[in-house]
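Hello,

Here is the structure I promised to pass on to you. Have a look at it first, and then read my notes below.

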Amino acid sequence: MSTTLTWYGQACFSIDTKGTKILIDPFLTGNPLATVKAEDISADFILVSHGHSDHLGDTVPIAKRTGATVVSNFELFNYMQSQGVENAHPMHIGGAHQFPWGRLKLTIAQHGSALPDGSYGGNPVGFLLTLEGQNVYHACDTGLFYDMKLIGEEGLALAILPIGDNFTMGPVDAIRAVKLLEPGAVIPIHYNTFDIIAQDPQSFARQVEAETSARCVVLQPGESYTL
Ligand code: NI
Ligand code: MN
């Protein structure tokens, strides 16, 4: 069996593993890079990192249509319940849970998490997934933090890192993150969705490969990476 991760721009991925579809931060409506519509995507689980609209995205309508289980911090879990989402699983930072498809641990992220209606979204998180025995770290929205070193100590096959700058790490700090995380491969995300986060991912990739031992994979929206 293999695990594939398909990128839809910004932080949104669809992961296929063990016959299960896991969506991360499904921002599709209003996302100029998305190659699929919220109405057309399937999901068994939806992981939401924080309450900002470019991450919460279409979570509620997709969960209601598909019956997918939404996994998030406790505060976003409360919000899901208030929105009538039937299946939701609360977790919090540092906690891990073994799901049928793999293990998920929530990590810290240095960011905010207010919901679009202004309600409290708790602390933002990143995701450390163990899929078929391989660790994948999706940093979601964050600035650089030195505790990435601790996440890297778990042994990462893949790190998914924002490089857009302005709202998150830019390329310079993302290179420092790669050095702390020491993953086998890196996928840059959270860039070129809007002019304010325009970046050259090929230039970032060249620098990753020149300065670290990681491979850098630049995905086009809609393209997949196989673990
Ligand atoms: Ni954000
Ligand atoms: Mn964002």
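Some ground rules come next. This is a predicted model, in which local features need pLDDT of at least 70 and side-chain atom pairs count only at pLDDT 80 or more, while totals for chains, interfaces and linings use all residues. Residues are numbered from 1 along each chain as its sequence is written, chains are lettered from A and ligands numbered from 1 in the order in which they are written, and side-chain values use heavy atoms, with hydrogens and water left out.

Which residues hold the nickel ion (ligand 1)? Its protein donors are His50 (NE2), His52 (ND1), His111 (NE2) and Asp141 (OD), which lie 2.2 to 2.3 Å from the ion. A donor here is an N, O or S atom within 2.8 Å of the metal (3.2 Å for Na, K and Ca); water is not among the atoms, so sites may look incomplete. Along the sequence, the donor residues of the nickel ion (ligand 1) are spaced H-x1-H-x58-H-x29-D.

Why is the arrangement around the nickel ion (ligand 1) irregular? The four donor atoms subtend angles of 88 to 176 degrees, and this makes it so. For the cut-offs, four donors count as tetrahedral if all angles lie between 85 and 135 degrees; four count as square planar and six as octahedral if opposite donors are over 155 degrees apart and all others between 65 and 115; anything else is irregular.

The manganese ion (ligand 2) is coordinated at 2.1 to 2.2 Å by Asp54 (OD), His55 (NE2), Asp141 (OD) and His190 (NE2). Its donors follow the spacing D-H-x85-D-x48-H along the chain. Asp141 is in both lists: aspartate 141 coordinates both the manganese ion (ligand 2) and the nickel ion (ligand 1), which are 3.3 Å apart. Histidine 55 sits in helix H1 (residues 53-56) and aspartate 141 in the loop between strand S10 (134-138) and helix H4 (148-152), so this pair, 86 residues apart, links distant parts of the chain. Helices (H or I, at least four residues) and strands (E, at least two) are DSSP runs, numbered from the N terminus.

Are these two residues buried or exposed? Histidine 55 is buried, with a relative accessible area of 0%, and aspartate 141 is buried too, at 2%. Histidine 52, a nickel donor, is partly exposed, with a relative accessible area of 25%.

**Salt bridges**

How many salt bridges does a search of the whole structure find? There are four, where a salt bridge is a side-chain nitrogen of Lys or Arg within 4 Å of a carboxyl oxygen of Asp or Glu.

- Aspartate 16 and lysine 21 meet through their side chains at 3.5 Å, N to O. Aspartate 16 counts as partly exposed, at 28% relative accessibility.
- Lysine 105 and glutamate 154 meet at 2.7 Å, N to O. Lysine 105 lies in strand S8 (residues 102-108) and glutamate 154 in the loop between H4 and S11, so the pair ties together parts that are 49 residues apart in sequence.
- Glutamate 211 and lysine 179 meet at 2.8 Å, N to O. Since glutamate 211 lies in helix H6 and lysine 179 in helix H5, the pair ties together parts that are 32 residues apart in sequence.

**Threonine 3**

Threonine 3 is found in the segment before strand S1 (4-7) and is buried, with a relative accessible area of 1%. Its side chain makes a polar contact of 2.8 Å with the side chain of threonine 17, and another of 2.7 Å joins the side chains of threonine 3 and glutamate 132. A polar contact is a pair of N or O atoms within 3.5 Å; within protein, one must be able to donate a hydrogen and the other to accept it, and residues adjacent in sequence count only if both atoms are side-chain atoms.

Glutamine 10 has a phi near 50 degrees, a positive value in a residue other than glycine. Phi of lysine 18 is also near 50 degrees. Most residues other than glycine have a negative phi.

Happy exploring!

Conventions: Buried < 20%, exposed > 50% of the residue type's maximum accessible area, 1.4 Å probe, protein only.
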